[in-house]
Amino acid sequence: MSRQHTILITMGVMMSLFMASMESTVIATAMPGIVRDLGDIESFSWVFAIYMLTSTTAGPIFGRLSDLFGRRPVYMVAIAIFSLGSLLCGLATTMPMLIAARALQGLGAGGLLPLAFIIVGDIFTLDQRAKVQGLFSGVWGISSVIGPLIGGFLVDQISWHWVFWINLPPAAIAAALVWIAWRDPVRANAKRPPIDIAGALLLSVGIILLLLGLDQPTTPSGILMLSAAVATLALLVIVELRAPAPILPFHLLRDRTFAIACLHGILAGGVLFGSMNYVPLFAQGVLGTSATEAGTTLTPLMLGWVFTSIIGGRLLLRMSYRTLTIGGMVMFVAGAILMARLRPDMSRLELAIALGLMGIGMGASIPSFLIAVQSTVARNVLGAATASLQFSRTIGGTIGVAVLGTLLTNRLSAELAARGLQADAVPVEALIGEGATAMTLAGEPRLALAAALTTVFAAPLVFALLALAVTFLAPSHSPDDLRRKREQREEVTTAKEVAPQQAG
């Protein structure tokens, strides 16, 4: 592949990565305006969660399909679905319509996110990937965190509809770049394994049941759905272990690097996305900022993430990825401890330090685990392995958003009741107003929201500590070790592919 084609492909996938990851957080500062326009604050968390739900379940499916049918056609399908979902989100006139459109948008994003990292794994060597992957992780971090800032600006200056429509021009450019420059390698005439339809269905149903159950975990229907989710996911494991081309490569869990990376992704993703989606709500609802100002509260997280991703990628060429991830997770836990102390009189500086530390932690750990995994798995499962690692983070984030959303709803109702107020009788404007004017109108409802959010930010600390603990279990591989493991896996894969041809 020529240098020019590599540059075009890199630009295209970086643009799609930016859009897909930004849409998981851009909604944070837009939601107060959307709720004021469409109503139905009870569905607040579902607009976040449904996007993460569909992107979570779609990621491994798109990753495996790209192994079977090639990267380019699968990428084109994903970006078309994402663009259609973005268009429909901006056209929504009711909250159910918005949630349905967000589900479609997330389905497309579920293909774009892992494919960006899969394509990087295809076109770059280990040494190149250590440098480029840090840049890509930085883009992912920037887009995830700058999303609320963009959302706030668009809501304040234009309308919330443009939070979604802004994706359409860059999506068209990204699709054109990849279509022109990418060429999938010619495949041997070997028989293609069947698509794992059963695995895809069980994964989708299991995750949906899990999310629905977590939305009301103490009710009889919630308990029933959680039980059904456990049974469905258990059946999924059985099916995947027997499938010739599984959507989720459970057999790779025998590799300790892959297993620890996935467990870390679940725990850290739950803390990060679970907390991050509610920081702008705290800024607007408790501190009384505008939507744009609320978006800037996440800037320290962005800066810490980007800086450490770029530096960390280069450090991986000289030191063990385990050392780098442990150091990053120590910083992440320190930030989570400060976030657990969030309160109405908290200074902006203290909040910035907490978010900055969490950004540094993710910037050090996410690229390190990704590069280690891509360097140890065989190329014929690179797509599935990369998508599964992305899946672990998004499923952790999905669960985190759902659990904290339920916790927020329950705590807010309890705090309002303690102040002699009924949740149904409190207008949305009293909880989510606009700037200082709303501060003078809200009174007790705003104090109730502050108390509820304090509980929400304290809960993730336990999982941040667990994420640090599992990082210590990762094997210590030097850069040379990773290169040797990759070469050994490639030799085994080549031998398996050549043997049937020789026998024929």
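Student: Which residues does histidine 264 touch, not counting residues up to four places away in sequence?

Tutor: In this predicted model, histidine 264 touches Gly269, Met329, Ser365, Phe369, Ala467, Val470 and Thr471. Histidine 264 itself lies in helix H11, residues 256–276.

Student: What makes histidine 264 count as buried?

Tutor: Its relative accessibility is 4%. Buried means under 20%. So histidine 264 counts as buried.

Student: Where is threonine 471 found, and what does threonine 471 touch?

Tutor: Threonine 471 is in helix H21, residues 461–471. Leaving out residues up to four places away in sequence, its partners are His264, Arg322, Thr325, Ile326, Met329 and Phe369.

Student: Is threonine 471 buried or exposed, and how do you know?

Tutor: The value for threonine 471 is 0% relative accessibility. The cut-off for buried is under 20%. Threonine 471 therefore counts as buried.

Student: How many salt bridges does the structure hold?

Tutor: One. Arginine 341 forms a salt bridge with glutamate 350.

Student: Why is the pair of arginine 341 and glutamate 350 called a salt bridge?

Tutor: Their closest N and O atoms are 2.6 Å apart. A salt bridge needs a side-chain nitrogen of Lys or Arg within 4 Å of a carboxyl oxygen of Asp or Glu. The pair therefore qualifies as a salt bridge.

Student: What makes helix H4 roughly antiparallel to helix H8?

Tutor: The axes of H4 (residues 71–91) and H8 (residues 168–181) cross at roughly 170° and come within 10 Å. Angles over 145 degrees count as roughly antiparallel. So H4 is roughly antiparallel to H8.

Student: Which residues make the contact of H4 with H8?

Tutor: From H4 come Arg72, Tyr75, Met76, Ile79, Ser83, Ser86 and Leu87. From H8 come Leu168, Ala171, Ala174, Ala175, Val178 and Trp179. They divide into ten nonpolar, two polar and one charged.

Student: How many helices and strands does the protein have, and what share of its residues is buried?

Tutor: The protein has 22 helices and zero strands. Of its 504 residues, 58% are buried.

How values were computed:
Residues numbered from 1 in each chain as written. Predicted model: local features only at pLDDT ≥ 70, side-chain atom pairs only at ≥ 80, totals over all residues. Heavy atoms only, no water. Axes fitted to C-alpha atoms, helices over the stretch in contact; angles between N-to-C directions. Helix = DSSP H or I, 4+ residues; strand = E, 2+ residues; numbered from the N terminus. Parallel < 35°, antiparallel > 145°, perpendicular 65-115°, else oblique. Contact = heavy atoms within 4.5 Å. Nonpolar A, V, L, I, M, F, W, Y, C, P; charged D, E, K, R; others polar. Buried < 20%, exposed > 50% of the residue type's maximum accessible area, 1.4 Å probe, protein only.
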